[in-house]
Amino acid sequence: MISALASTVVQHDLRWLLLLICAWGGIGLAGMLRQRSLLVVRVLFPLGSLTCLLVAILAGVFLASGQASQAMVLPLGLPDLPFHLRLDALSAFFLLILGVAGAGISIFSAGYFRVGEGTSPGLMGLQYHLFLASMAVVLLADDAYLFMVAWETMALSSYFLVTSQHRIPEIRRAGFLYLLIAHVGAICILLCFGVLQGGSWLFIFDAMRSATLTPLLASTAFLLALLGFGAKAGLVPMHVWLPEAHPAAPSPVSAMMSGLMLKTAVYGMLRVSFDLLHVRFWQWGVLLLALGLFSALYGAIFAAVQTDMKRLLAYSSIENVGIIFAGIGLSILFETCNLHLFAALALCAALVHSLNHALFKSLLFLTTGSVLHATKQRNLGKLGGLIRRMPWVASMALVGTLAIAGLPPLNGFVSEWLLLQSFLFTPEIPHEFVNMFVPLGAAVLALTAALAAYVMVKFYGVVFLGQPREASLADAHDANLLERLGLVWLALGCILIGVMPQLALRPASAVTRKLLGQSILPTGSIWWIAPIAPKQASYSGLIMLLGIVGVVGITFLLVRLLAHGRTRRVATWDCGYPYQNARMQDTAEGFGQPIRHMFGTFFRMERDLPAPEESSPHYRIRIEDRLWHAIYQPIARAVQWLADVVGVLQGGSLSIYLLYSFLTLIVLLVFVL
Amino acid sequence: MHLLHPFTVPVINVLNLLAACLLLLSFAMLSRRRTQRLITLFAWQGGILCLSTSLVAYSSGLHELYYSAALTLLLKVITLPLILRRLIYRLGAEWDSETMVNIPVTMLAGLMLVIFAFGLAQPISMMATTITRNMLGIALAVILLSFLMMITRRKAVTQVIGFLAMENGLFFAATSATYGMPMVIELGIALDVLVGVFILGLFFFQIREQFESLDLRNMENLKEE
Amino acid sequence: MRGITFIRQFGEVILAIAIAPLFAGWIAQCRAWMQSRSAPLVTQPYRMLRKLFSKDAALAETASPLFRITPYVLFGTMVLAAAIIPSLATDLPFARAADAIALIGLFATARVFLSLAAMDIGTGFGSMGARREMMIGFLAEPALLMVLFNASLLYGSTALPSLVDGYRAHPTIIDPSVIFAAVAFVMVLLAENARIPIDNPATHLELTMIHEAMLLEYSARHLALVEWASYLKLFNYACIGFALFVPWGIAIHGSDGGGVLALSIVALLGKLVVAGSALALIETLSAKLRIFRAPEFLAMAFLLAVLGLLVHLLLGVR
């Protein structure tokens, strides 16, 4: 009976998914009935969360069933151009990410949104669920039209979510920047599809798959895709919108954008380069690898000097996206050198890291949301000591912190481990120079991972540990029940994937089988993963966890048995100087100082140092992105100049405008006839 | 032909090891600040050259190479370091301190040079007939690194040491790729180096007399306005 | 057979826990001799641990549970690391759970916990120590990874026991890259274990201290565990070094019997004695670096390790 049900579900997976996407739309619209009522949020968001969960289950079932694909043609769309949908392993994997992380974020949102914070809760619900639905459609689209429609819907709905507190000028500015770069990226993607159709003028993905492109055209398509999807993913140098938009948005929205929306860009990149393009060249791999590693390092270095907790996390997203793209690049590089197994390993690492990043980055953004609600502070310099006031949030944030820092036995370590394993095979690449430079990539990756640990110690230590830096922090309150539920869900995900990486590796292997025709060595047991060969390398998060817990427990018992457990509470040792206060703790600026010192060339720094005789000294430091000044400002100035030149045409008189139209008509008539 | 005399496996391994040491010493020179350390490292380099040359001589049966090894020992391990040490003692230049570019950046540049040299040497070494051909990349790297050291230092003495280290690299290239140069040329080069150091030593005194310092930045003032 | 393996694994861990303080004591003694001071007893660390365990713990009022659990986590991770590293035999069932990369991850976990605990009380010293420790850490970690990568490329595995087995299969051939890796490794070892060019383990209340600054708030059994963990860390690093560069005397896969085991214990002790005096010599000969020379020192270690990788690609034994 159950198996029969399961088999019908499997056969009609795509239909069910479509139904769920429609359900999101319905939930969103339902919120518009009672826009200002908080009840709407408390009821509808859990429903949305349930839908997410069902999406995740359906995607997981599809991946487990090992089907090739399911396609569908909708009776909707332009005349003669119906919308095409397709569910295959790649889209199912990203739907899985969307569902798993989305469920946690939605349930958290149910407890998070309040009346009176910008956009009304009902409207927020509509935008939110539209955002979710459009992301799902992006993943399922099988023709360029539907893809672009969904892509733009996603950009617009997220824009409105970002600017929900639109009365604050900085938020409007951040939203504008986001919209601008999203559109430049969308144009690139559109052009990319234009190149991909290869003269057939059919914009169905199937036509693109069968099109044969010259190497030049294929490379053009790849570069356009890289620009378009890279802009969405936040690859350096298209990253500038990310650290502006993420802090501006409400925390669950930041979590969605960072955890899920960036992954649709990864999906797009994979779809174009591995599925729609029939050839790949090793230079692409090198380019992607270099860009990815640079982004990773850049993101980590900038994250280390931030003083706003959400900006810090935004830069950390750049870092993680960089790692994912480096994995994709390495995979392309291996694949073009006919090292398919290693290509599968690298791609697997990138996919698993996408899932992991969705989990721990959403978790951390949500904890910042709770902190923000409890303290009204985003500035790291005014936080501190929250572990005593908010034990739930602090302990969940600790899980996220350890996971994102890439520490065993949590999930961040698993993907980094896989990627480092695949770097070990780079000397087998048969290109001179490449085989010498690429192993250096492993070093950059290790440096990035270690820097990420630095960043996260700063984040956690300054926000949750130490003493409260402001008196007002004393009445901070812990997260409410629904918020806790969301946090626990995501934290459990981090732990579970860390302890049993097979949960993520199996679905990822299904994807690599589809894209590369090869998957890494599956091991039957739940104890080990050994992607290439057990003798080569093996890892077991479960045994690590059991080992640590076991040794800690035994040590604790032995200490209690053989020694004693007597403890006195005393005042903190003041080193003989009794006038210490909470403001004397290391600040966020102080914690970033070694990084500023070592990587000074990356930053554009403005510093105001107090003079020795000042009675009320002020120390101020401003750190800016060099790329903003080097790339974006010249472009902005050029556009301004161009607009001024064109502006001359604008005389203001109606008859002149009519004259323009008239002249255009004449010119056209002359040329056409 | 004795040129194709096969090396036994351990010998080639030891040679590889010595080549790696040579490169390591070059890097160590790049990272040191004190002149005296540089001279010590230079002497070590000479010692390794001497060892590797005699090893090549032993395994290839070319007896001239023993002479060139002895010459290396005499000149580069004993004489030149002695002269240089006396020189810096009398010039009071033991503490050549600051480099133009900071050390990690210099090292990174050095790393890039090594990659460049190795990549360049790969096709060349395919053509070479000797089994020691892989050493060519190392030799090239040593030459480039010494050049880098000369570029990044300010004091005159350090530049001379860089120059001598470069000669070491060339010498190593010669022994590893072609089993050494003819004896006449080698003697000539040795004499050149010795005379060169004497002349440069004289120059140092002149420079110091003129500017009261050995800092080469002072030379920048000599250009025509 | 299986049971014997597990017993051996267990025995190795116990041995590591037991003699790690002795190793630290030996280094302290050598240092004292070399500096013409009268040396403390080799067993001094044990006495200190005993004294600390019998005292009452004084805990700052502001300490959170994180602060209290950290000493146990530190000790636990280091014991676990000792279980992975083949110090006596390569036949370690536990080593399958974690390869060299996971080992680096384990060290990183310990470092992060210690830094977080140092920031927990909220004193100036603690957070300063934490940030310096993390700074040293993020520079040392890539260097160590490159050293291990080098070994992995040589023997085609990242599992430490397989590396030792691989080495023992061709003991006569020394790859030229090993020299670079060894130098880099010693530099990382000095930095990671708060030894002299980077940090001074015997200092207190100096503005330059790193490791000790983080421990200022710990006392009694907590301090004892933290100290023991740092002895174990030093011991573990030494054993990694032995496994990578001088794996003579380690009982390889398949060799059983008491004689082999006794031999391997003797070999380990001998290597520890030599390594301890060498470390003491290095520490005596070098001066402590300014804190911002430390990145330079570690950058050099890192570059040497990378250079080793390149040399392997060019000259490596195939």
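These are my notes on the model, point by point.

1. A word on the ground rules before we start. This is a predicted model, where local features need pLDDT of at least 70 and side-chain atom pairs count only at pLDDT 80 or more, while totals for chains, interfaces and linings use all residues. Residues are numbered from 1 along each chain as its sequence is written, chains are lettered from A and ligands numbered from 1 in the order in which they are written, and side-chain values use heavy atoms, with hydrogens and water left out.

2. Of the 225 residues in chain B, 52% are buried (buried means under 20% relative accessible area, exposed over 50%, and partly exposed in between, using a 1.4 Å probe and protein chains only). Taking contacts in chain B between residues at least 6 apart in sequence, 76% join residues at least 24 apart (contact means heavy atoms within 4.5 Å).

3. Chain A is divided into domain 1 (286-528 + 535-556) and domain 2 (593-609 + 618-651), with bounds that come from an automatic or database domain assignment. The C-alpha centres of these two domains of chain A lie 31 Å apart. Their contact takes 9 residues from domain 1 and 11 residues from domain 2.

4. How much area do domain 1 and domain 2 of chain A bury between them? The figure is about 920 Å², 82% of it on carbon and sulfur atoms (buried area is the accessible area, with a 1.4 Å probe, that two parts lose on being put together, summed over both). Y298(A), I301(A) and V305(A) supply 52% of the area that domain 1 buries against domain 2, more than any other three residues.

5. Still on that domain interface, the rule finds 0 salt bridges (a salt bridge is a side-chain nitrogen of Lys or Arg within 4 Å of a carboxyl oxygen of Asp or Glu). It finds 1 residue pair in polar contact, both at pLDDT 80 or more (a polar contact is a pair of N or O atoms within 3.5 Å; within protein, one must be able to donate a hydrogen and the other to accept it, and residues adjacent in sequence count only if both atoms are side-chain atoms). On the side of domain 1 that touches domain 2, α12 (282-304) and α18 (434-464) of chain A each supply at least two residues, and α12(A) gives the most, with 5 residues. By class, that side of domain 1 has 9 nonpolar, no polar and no charged residues (Ala, Val, Leu, Ile, Met, Phe, Trp, Tyr, Cys and Pro count as nonpolar, Asp, Glu, Lys and Arg as charged, and the others, Gly among them, as polar).

6. Now the interface of chain A with chain C. Here 72 residues of chain A are in contact with 76 residues of chain C, and the two chains bury about 6,600 Å² between them, 71% of it on carbon and sulfur atoms. The count is 3 salt bridges; one of them joins D120(C) and R388(A), with the closest N and O atoms 3.3 Å apart. The rule also finds 29 residue pairs in polar contact, both at pLDDT 80 or more.

7. Several elements of chain A give two or more residues to the side that touches chain C, including α15 (386-389), α17 (411-423) and β3 (567-570). α18(A) gives the most, with 16 residues. By class, this side of chain A has 47 nonpolar, 18 polar and 7 charged residues.

8. Have a look at G76(C), which lies in helix α3 (residues 65-84) of chain C. G76(C) is buried, with a relative accessible area of 0%. Leaving aside neighbours within four places in sequence, G76(C) is in contact with V551(A) and V552(A).

9. Finally, some backbone details. Most residues other than glycine have a negative phi, and most peptide bonds are trans. A cis peptide bond joins V236(A) and P237(A), with omega about 5°, and the bond from P408(A) to P409(A) is also cis, with omega near 5°. N338(A) has a positive phi near 65° and is exposed at 60% relative accessible area. K376(A) has a positive phi near 60° and is exposed at 68%.

Methods
Helix = DSSP H or I, 4+ residues; strand = E, 2+ residues; numbered from the N terminus.
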